[in-house]
Every structure is written in structure tokens, then in C-alpha cells.
Amino acid sequence: MSLALVHSRARAGVNAPAVRIEVLLSGGLPHTQMVGLPETAVRESRDRVRAAIVCSQFEFPQRRITINLAPADLPKEGGRFDLAIALGILAASGQIDTQVLSRYEFLGELALTGELRGVNGVLPAALAAARLGRTLIVPPENAAEAGLAGHADVRVARTLLEACAGLSERTLPKALPADVASLPMPDLRDVRGQPQARRALEVAAAGGHHLLLIGTPGCGKTLLASRLPGILPDATELEALETATVASCTGGGIDTARWRQRPYRSPHHTASAVSLVGGGSFPRPGEISLAHNGVLFLDELPEWSRHALEVLREPLESGQVVVARASRSEAFPARFQLVAAMNPCPCGWAGDRSGRCRCAVDGIQRYRGRVSGPLLDRIDLHVEVPRLEPHELRDDTPYGEDSSTVRARVVAAREVQLGRSEKANAQLQPGELAQHCRLSTADRQLLEDAVERLQLSARSMHRILRVARTVADLEGSEGIRTAHVAEAIGYRQLDRGGGA
């Protein structure tokens with residue numbers, strides 16, 4: 001009887017819990033038994049491992065083999081444990097040294113020829129292995145992704161035979177990240193006119209605020225939204241790693257050349273609630289988590305299903321989403337910046353200077369009513385985007401400021417916020433508002449009168465204060481003045497249908 005222990009990592013949400021693979025060889029008829037809550041793909045690894053061992057010129061033991069994947073109550077999925085299982089069998093049968101295995105963790109699916117194939121969720125596994133001081137062995141396909149965890153010791157093996165030889169001789173090459181590409185972002189200079197919408201975009205970027213653009217078809221709402229990432233401050237390394245970790249666990253992989261750029265996600269309005277927040281029998285992140293530390297753009301907001309929109313309410317407040325299933329629940333990060341766009345009416349032309357709209361008042365109210373009041377409450381800036389006149393689109397029309405100019409002001413304002421409260425203004429809690437958003441008696445009365453006139457909620461009142469603080473930061477003002485409060489109130493004028 002002989003026993004071997006090998007370390008690996010499962011995938012649970014955006015985490016990589018440790019899995020111990022225990023392989024026992026005992027007397028009896030040749031048979032391979034696997035326990036520890038393996039799903040179908042994991043159980044099928046018995047045949048892949050057997051073929052890979054034989055093709056690698058090792059001997060597959062003709063004994064009773066028991067493979068335990070611990071902990072037993074953690075579901076195991078995919079072919080990520082193939083390499084670890086194969087090494088466990090070889091170690092238990094005395095074909096490789098069992099002592100060296102304790103210093104390593106292994107991930108990788110085996111081909112029948114013994115070659116290693118890539119798996120999902122390698123980045124969180126590399127970070128977790130580094131915390132325990134172990135070296136992670138991965139396939140070449142995952143090398144660039146695992147190399148993003150710069151402080152982790154990650155090695156690359158192309159085949160089972162190469163992994164076995166490299167363990168004893170310590171000759172496996174180190175995984176290195178791909179070069180980060182400096183790719184241009186869409187420039188705000190492409191936007192003609194729209195001074196109010198451009199100003200709102202700058203305020204949203206400076207304070208991390210959510211933004212709703214309301215305007216006629218073709219007025220530039222999508223164009224404006226796509227320019228927001230280009231004026232946001234650079235993501236910190238921690239933020240970039242958080243975002244990359246989410247992408248690593250979705251199966252779509254990481255664009256390692258762009259991993260330092262903030263994500264921009266724009267799902268179609270037919271997307272389901274599950275695709276937005278995540279889910280499945282093995283919960284996976286949704287679009288709001290893929291937009292973590294970046295921008296989520298929802299076009300044609302009233303065309304989204306009511307259920308899909310309502311699931312956004314809690315993540316907008318908490319910055320995370322918890323997907324609960326019968327046997328387990330997973331928490332995914334979801335601190336994104338929402339930019340939404342909608343037409344003012346079903347035909348899209350209500351309030352336009354041409355007067356072409358023929359929609360009935362009841363029809364307009366029903367259309368706008370598809371977006372609930374509680375969701376609108378959570379959007380800080382509501383901005384009308386008017387249709388441009390033909391002469392404003394001429395080639396000789398002067399362009400506005402480019403993204404780099406606007407971004408410089410945004411970065412300066414964000415640095416003030418981080419120095420004051422260590423967070424963006426949009427994340428200020430009610431207790432912090434009293435400390436950082438003090439108003440004079442006259443300005444407080446102005447705000448209260450606006451809340452009463454517009455019939456706003458307490459949440460909306462707090463969001464006005466946060467926006468006013470951001471406007472003051474953009475102007476370099478230490479305190480909030482009347483003009484700052486008035487501008488912030490102006491961004492809520494459309495809350496009750498006060499505009500197009």
C-alpha cells in the first residue's frame with residue numbers, strides 16, 4: 001500500500017480554494033475509483049490520465065487506485081486536476097520522488113498524448129499559491145495570464161514528461177506576462193458640440209458617478225459613453241488584478257496586452273438578468289462583474305427587461321453581487337460605473353425642435369415607466385443630449401477638448417478625493433457626507449427646496465451632495481459653493497420628466 005499527496009486549486013467564483021489530491025494504491029483487482037464530489041469532466045480524467053501516462057513512457061500501475069479530491073464537500077469541475085492526478089499516481093507508484101511534490105501546486109488538462117492544455121481561473125490560483133509560498137505549474141497556454149501575478153513563482157510545463165523531469169531538476173521556465181500594449185482609446189475630441197453632455201461626462205469621470213443620457217436617435221449618446229474610459233484615471237495594479245481575476249474565471253480569458261486598461265462592457269438589451277449579474281449551477285461572473293473598476297454601458301435602457309434592470313439596484317449601492325444557489329453562494333465584485341442611454345419617447349423625438357413626435361402623453365409615460373424610480377434614484381447625473389443642427393456637423397466646425405486635456409483635470413480632482421477620504425466621491429457614505437460636504441445655510445435651503453420641488457428621495461439628496469463635491473473638486477475649491485450645488489441639482493431636473 002502506498003499513498004501520495006498532490007496540491008491543486010479548484011475554481012469557486014473568483015476564488016481558487018485549495019484541493020488536496022490523495023492517491024492510494026492498494027491490493028485488489030485493477031480499478032480506478034475517484035471520490036470527492038467530482039463532476040463528469042473530472043471523472044473522465046481517469047481515461048485521459050491513463051493514456052497520458054502510457055504515452056509518456058511511464059507505467060500505469062495495475063492495482064486498485066483510489067483518488068480522493070479533498071475537501072469532499074467542494075464541487076470539482078473541468079479538467080484542471082488532470083496533471084495533479086497523473087503526478088499523484090506516478091508518485092504513489094514510485095516512479096517520481098514524492099518529497100518534491102509538497103513545494104508545488106499543479107493545474108492543467110492532459111491530452112491523450114501527455115501534452116498540457118490550458119484551463120480557466122489560473123490567475124487567482126497563482127495569487128493563492130504565492131500566499132502559501134508554493135510554486136505553481138501551469139500549461140503554456142496559461143503562462144502569460146499567470147505571469148500577471150508578478151510576485152508569484154509560476155513555472156511552465158508543456159507535457160507530463162517535461163513536468164516530471166523539471167520537478168527534480170528545477171529546470172522549468174518561469175511564466176512571464178505578455179508586454180502591455182499602449183493602445184489608443186477613443187478620443188473625446190470626436191464629439192462635436194454637446195457642451196452640457198461633455199461637462200456631465202467629465203463630472204462623472206472625476207467622481208465615479210453613474211450617468212444617464214437622454215436624447216433623440218443619433219444625437220451622440222453612444223459616442224459619448226464610449227469616450228468615458230479614455231478620461232478615467234489609470235487603474236492601479238490592485239484594481240487591474242481584481243478585474244483580470246474576474247475575467248480569468250469566465251472562460252473568455254484575459255487580453256494580457258490590455259489588462260491595465262479599465263474595462264468597457266456594452267451588453268445588448270436582450271441580455272438576461274443572469275448574464276448581467278452572473279449565475280449557473282457553478283456560479284460564474286456576469287457583465288457587471290466583468291465591468292468591475294470600469295464602465296458598464298446599457299443602451300436603449302427602457303428596452304431592457306424589467307427584471308434585468310432591477311437586479312442592478314443592489315450592486316449599484318454595494319459594489320458587489322452575491323449569487324446564491326441551493327448548495328452554495330458566491331460573491332462577485334461589481335464596483336462599476338454605469339452609463340445608460342435612452343430615447344425620450346417610443347418614437348424617439350419628444351421635445352425635439354422639429355416637432356415630429358406624435359406620441360401620446362400616456363404612451364410617453366408608459367415608455368419612461370419601464371425604468372423604475374428606485375433605479376433612477378441610483379443614477380447621479382441625468383442629462384439631456386439634444387440633436388445637433390446640420391451646420392454643427394460641418395468639417396470646419398471647431399472640435400472640443402481632447403481626452404488628454406479633460407483627463408488631466410479628472411486625475412487632479414480624483415487625487416484630491418483620494419487624499420481627503422481615500423475614495424471617489426461617489427463612494428462617500430452618509431456619515432462622510434456630513435464631514436466632506438458641508439453647506440452654508442443658504443445652500444442647504446436651496447438644496448432642500450429643490451428636493452421638495454422635484455419630489456426627490458433622501459438617496460437622491462445624498463447623490464446631489466456627492467456630485468456638488470465633485471464639481472467643487474474640479475474647480476479646485478475647498479468648500480462647496482452655491483454654483484456647485486446649483487449645477488448638481490440641474491443634473492436631476494429630468495428625474496420627474498422635466499425634460500426631453
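How are helices H18 and H20 oriented to each other? The model shown in these views is predicted, with local features requiring pLDDT of at least 70 and side-chain atom pairs counting only at pLDDT 80 or more, while totals for chains, interfaces and linings use all residues. Residues are numbered from 1 along each chain as its sequence is written, and side-chain values use heavy atoms, with hydrogens and water left out.

**View 1. Packing of helix H18 with helix H20.** Helix H18 (residues 441-454) packs with helix H20 (residues 482-490) at an angle of about 10°, their axes lying 10 Å apart, and H18 and H20 are therefore roughly parallel to each other (angles under 35 degrees count as roughly parallel). On the H18 side the contact (heavy atoms within 4.5 Å) is made by Asp443, Leu446, Leu447, Ala450 and Leu454, and on the H20 side by Thr482, Val485 and Ile489. By class, this contact of H18 with H20 has six nonpolar residues, one polar and one charged.

View 2. Thr135 lies in strand E8 (residues 135-138) and, at 12% relative accessibility, counts as buried (under 20% relative accessible area, with a 1.4 Å probe and protein chains only). Apart from its neighbours within four places in sequence, Thr135 is in contact with Arg103, Tyr104, Glu105, Asp153 and Arg155.

**View 3. The open sheet of five strands.** The strands follow the order E11-E14-E17-E10-E18 with parallel pairing (two strands pair if DSSP finds at least two bridges between them), and the edge strands, E11 (264-265) and E18 (381-385), each pair on one side only. Strand E10 (residues 211-215) pairs with strand E17 (residues 337-342) in the parallel sense over four bridges, and Leu213 stands opposite Ala341 in E17.

Definitions and conventions
Axes fitted to C-alpha atoms, helices over the stretch in contact; angles between N-to-C directions. Helix = DSSP H or I, 4+ residues; strand = E, 2+ residues; numbered from the N terminus. Parallel < 35°, antiparallel > 145°, perpendicular 65-115°, else oblique. Nonpolar A, V, L, I, M, F, W, Y, C, P; charged D, E, K, R; others polar. Buried < 20%, exposed > 50% of the residue type's maximum accessible area, 1.4 Å probe, protein only.
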